[in-house]
Amino acid sequence: MERHFTLGEFIIENQKDFPYAKGELSALLSSIKLAGKLVNQQINKAGLAEILGKIGKQNVQGEAQAKLDVIANDIFIDTFRNRGEVCGLGSEELEDIVIFDDEIHRDSKYIILIDPLDGSSNIDVDITVGTIFSIYRRVSPVGGPVTPEDFLQPGSKQVAAGYIIYGTSTILVYTSGNGVNGFTFDPGIGSFFLSHPNIKFPKKGNTYSINEGNYVHFPDGIKKYLKWVQELNEEENRPFTSRYTGSLVADFHRNMLLGGIYLYPQGTTAPQGKLRLLYESNPMAFLTEQAGGKATNGSERILDIKPRDLHQRVPFIRGNVDMVEKAESFLSQF
Ligand code: P6P
């Protein structure tokens, strides 16, 4: 029986791709792996451990926080605090950055941005959720104070990004700039094994993911695009299939494997869209491009956007290149 690479073996094997890397990025990816296992364990027993539901507070986004949002956030912060690979962290669940200002962390050259549990409104109804992470080399001097500029870098400066999808199986998918690889967690052994090597978008896609309940709020270009995907055209395999779970990681993962487009455009109720640039759109855009797709805000490459603030929102369209460019063409015409 063919033995699969474990995630740890794969990271070490690919570490040689990092000139001057002293194994810190490898150690950071291993920390993410550990935290992912701990979050996975909490999610899988949520209904039994009285940790479903909301905590009666809102996060900085004004979104009701689920108990598991806070638990996942604490698990990642505690894991990074107990290890020394990052000097600072930004999280969807926290208004400000967390700085690990002790001698162990001060000499780290990486910062991380996370959405600890994306799609958490789905937890109570047992629908797939995910963790999203984005890693940068700090721009401030190593050993000195961490600065906001360390976090406000364009997505093109990411050194690694990925997600953990807690679905029918738990899969860690990441890129460090040399393609996209997926690792499935085997709970019997407690390890992630390479299961999706070198993920690439299929040549064609015909699935679209968007919350059509917002139709009345969309720009005319998006409305026209939606009518176009729903037209009968057998040669172009239209009408496309609609799939939308309300969980970015689930819709993203399916569309990357099977082909498709995910859209969270701007609208009258969300002038900048809903997704956050730093810890949702940028990491997903890095993965998208590494898998041969395209990710824009409707006109501009996501990875080129210079962030203004930690929780900045951005319209987000990503998927097969031809599907994204078709949507962009409608936005530019109407
Ligand atoms: P809506 C979850 O809150 C999230 O950030 C993404 O995971 C998901 O795709 C989107 O928002 C769902 O938003 O407005 O359609 O419920």
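**Notebook: pocket, ligand, cavities, backbone**

I began with the lining of the largest pocket and sorted it by class: 7 nonpolar, 8 polar and 10 charged residues. My classes: Ala, Val, Leu, Ile, Met, Phe, Trp, Tyr, Cys and Pro are nonpolar, Asp, Glu, Lys and Arg are charged, and the others, Gly among them, are polar. The model is predicted, with pLDDT of at least 70 required for local features and 80 or more for side-chain atom pairs, while totals for chains, interfaces and linings use all residues. Residues are numbered from 1 along each chain as its sequence is written, and side-chain values use heavy atoms, with hydrogens and water left out.

**Largest pocket**

I noted a volume of about 410 Å³ for the largest pocket. Of its 25 lining residues, Glu63, Gly119, Ser121, Gly246 and Lys274 are closest to the centre. The search ran on a 1 Å grid over the protein atoms alone; a pocket is an open set of points with protein on both sides within 12 Å along at least five of seven lines, a cavity is a set where a 1.4 Å probe fits but cannot get out, and lining residues have an atom within 4 Å of a point. Points are joined across faces, edges and corners, and the volume is the space filled by probe spheres set on them.

I then looked up which elements contribute. β5 (110–118), α6 (248–258) and β13 (261–264) each give at least two residues to this lining. Helices (H or I, at least four residues) and strands (E, at least two) are DSSP runs, numbered from the N terminus.

**Ligand**

I found the ligand in the largest pocket, where "sits in" requires more than half of its atoms within 2 Å of the grid points. There are 13 residues around the ligand, and Asp118, Tyr244, Leu248, Tyr262 and Tyr264 come nearest. Being near takes a heavy atom within 4 Å. The shell divides into 5 nonpolar, 4 polar and 4 charged residues.

From a ligand oxygen to a side-chain N or O atom, I read 2.5 Å for Tyr244, 2.7 Å for Tyr262 and 2.6 Å for Tyr264. The ligand taken alone exposes 400 Å², and the protein buries 82% of that. Areas are Shrake-Rupley values with a 1.4 Å probe.

**Cavities**

I counted 2 cavities of 30 Å³ or more. The second largest cavity holds about 30 Å³. Its lining includes Cys87, Phe100, His105, Arg106 and Pro145. That lining splits into 5 nonpolar, 2 polar and 2 charged residues.

**Backbone**

I logged a cis peptide bond from Arg238 to Pro239, omega near 5 degrees. Pro239 is in the loop between α5 (220–229) and β12 (241–242). Asn198 is not a glycine, yet has a positive phi of about 50 degrees. I placed Asn198 in the loop between β10 (191–196) and β11 (207–209).

Key:
A polar contact is a pair of N or O atoms within 3.5 Å; within protein, one must be able to donate a hydrogen and the other to accept it, and residues adjacent in sequence count only if both atoms are side-chain atoms.
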